[in-house]
Amino acid sequence: MTIAPVQRSTSLGSSAWTDARLILALEEVVEKELDRHLKVAKEWMPHEFVPWSRGRDFPGVLDGEAWEPGDSKVTPLGRVSLVVNLLTEDNLPSYHHEIATMFGREGAWGTWVHRWTAEEGRHGIAIRDYLLTTRAVDPDELERARMSHMSEGFASDNAHSMLQSVAYVAFQELATRISHRNTGHYAGCPLADQLLAKIANDENLHMVFYRNLLKAALEIAPDQAMRAVADVVTDFRMPGHGIPGFERAAAQIALGGVYNLRIHHDDVLQPVLRHLKVMEIGGLGPEGLRAQEELGVFLDGLDAQATKFDERQAARLARVAARKQ
Ligand SMILES: [Fe+2]
Ligand SMILES: [Fe+2]
């Protein structure tokens, strides 16, 4: 599809960039990124990561064996984290609704929305199959948590802004990647690690797609895009924040080193911001400059907070080690 040459907001005036115009202006970039994505995304089979031979019937119609915590050697941290990751993936119908409403279902945008949804779909399928065949978690509890979480649905914090939506998913896909990857490291099961590495690879390609889109947005509408990045970064929360017992699980996940402030700052926010050279972008108008400044102040504060968290964590681990001696 050919569109009119993109004009820079400096000559156009940033207020001219409505969501509808941005979606049109970015369609060519979406087309290019979609092509690149389809070339690099390798087909993989979720069922190959599921140890079907280890599966056993559960009580009920098949009169199988009731679940017991000792059925699996997956670590307590791995179990908590796998459940949070799975329930987050489970809310895919709501995420699809949100991005299809924002980006549309036509043209390259629509092709991306559907392809992305299909790729995300296998994450929940694979993790659930793995958890049920290995009996890593209580299946009744898991099902009740899924029902409760999906019944709440998910509403994007950024549905009012196309640029904020793009900025959010760029960071969120990387956050999800890191969360899956670290869960694999701490799960105590080589197969879970392999499966989660595969899923994390998908999430990484999603991040690259959205990050490149955000790069283009920063070029065509720098002030508005800078504002969007600042707003998203300063008010970021994980997509699974509505999961029953999320706060408690998130605290365990933070203490266990799967996902915490340090990881959020160093492995999620900074890589995207550095890649896009967000703090070095020049030629901004007053609104863009203000947003860039706010972002800098926020990142410094977050870094300091993360250092405090690290210190408390180190002290806690030292106390635990001393008690063991
Ligand atoms: Fe996913
Ligand atoms: Fe993803």
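The crossing of helices α4 and α8 is left-handed in this predicted model. The crossing of helices α3 and α9, by contrast, is right-handed. Salt bridges in the structure number 18, and Leu86 of helix α4 has a relative accessible area of 0%.

**Packing of α4 and α8**

- Helix α4 spans residues 76-90 and helix α8 spans residues 162-186; their axes come within 9 Å and cross at roughly 150°.
- Angles over 145 degrees count as roughly antiparallel, and α4 and α8 are therefore roughly antiparallel to each other.
- On the α4 side, the contact is made by Leu77, Gly78, Ser81, Leu82, Asn85 and Glu89. On the α8 side, Thr176, Ser179, His180, Thr183 and Tyr186 take part.
- Sorted by class, this contact of α4 with α8 comprises three nonpolar, seven polar and one charged residues.

**Packing of α3 and α9**

- Helix α3, residues 27-40, packs with α9 at an angle of about 160°, the axes being 10 Å apart.
- This angle makes α3 roughly antiparallel to α9.
- Helix α3 contributes Val29, Val30, Glu33, Leu34, Arg36, His37 and Val40 to the contact. Helix α9 contributes Leu205, His206, Val208, Phe209, Asn212, Leu213 and Ala216.
- Nine nonpolar, three polar and two charged residues make up the contact of α3 with α9.

**Surroundings of Leu86**

- Leu86 is located in helix α4 and is buried, at 0% relative accessible area.
- Beyond residues up to four places away in sequence, Leu86 touches Gly124, Ile127, Arg128, Leu131 and Leu142.
- The C-alpha atoms of Leu86 and Arg146 are 8.8 Å apart in space, although the two residues are 60 residues apart in sequence.

- Side chains of opposite charge can pair when their charged atoms come close.
- Asp202 and Arg122 form a salt bridge in which the closest N and O atoms are 3.1 Å apart.
- The pair links distant parts of the chain, 80 residues apart: Asp202 belongs to helix α9 (residues 190-220) and Arg122 to helix α6 (residues 107-134).
- Asp202 is buried, with a relative accessible area of 4%; Arg122 is also buried, with a value of 16%.

**Salt bridges of Arg262**

- Arg262 forms a salt bridge with Asp303, with an N to O distance of 2.8 Å.
- Asp303 lies in helix α13 (residues 286-324) and Arg262 in helix α12 (residues 261-275), so this pair ties together parts that are 41 residues apart in sequence.
- The side chain of Arg262 also meets that of Asp310 in a salt bridge, at 2.9 Å from N to O.
- Since Asp310 lies in helix α13 and Arg262 in helix α12, this second pair ties together parts that are 48 residues apart in sequence.
- Arg262 is buried, with a relative accessible area of 16%. Asp303 counts as partly exposed at 30% relative accessibility, and Asp310 likewise counts as partly exposed at 30%.

**Salt-bridge network**

- Arg227, Asp231, Glu287, Arg290 and Glu294 are joined into one network by salt bridges that share partners.

Terms used:
Residues are numbered from 1 along each chain as its sequence is written. Chains are lettered from A and ligands numbered from 1 in the order in which they are written. This is a predicted model: local features need pLDDT of at least 70, side-chain atom pairs count only at pLDDT 80 or more; totals for chains, interfaces and linings use all residues. Side-chain values use heavy atoms; hydrogens and water are left out. Axes are lines fitted to C-alpha atoms, for helices over the stretch in contact, and angles run from 0 to 180 degrees between N-to-C directions. Helices (H or I, at least four residues) and strands (E, at least two) are DSSP runs, numbered from the N terminus. Angles under 35 degrees count as roughly parallel, over 145 as roughly antiparallel, 65 to 115 as roughly perpendicular and the rest as oblique. A crossing is left-handed if the near helix is turned anticlockwise from the far one by less than a right angle, and right-handed if clockwise. Contact means heavy atoms within 4.5 Å. Ala, Val, Leu, Ile, Met, Phe, Trp, Tyr, Cys and Pro count as nonpolar, Asp, Glu, Lys and Arg as charged, and the others, Gly among them, as polar. A salt bridge is a side-chain nitrogen of Lys or Arg within 4 Å of a carboxyl oxygen of Asp or Glu. Buried means under 20% relative accessible area, exposed over 50%, partly exposed in between (1.4 Å probe, protein chains only).
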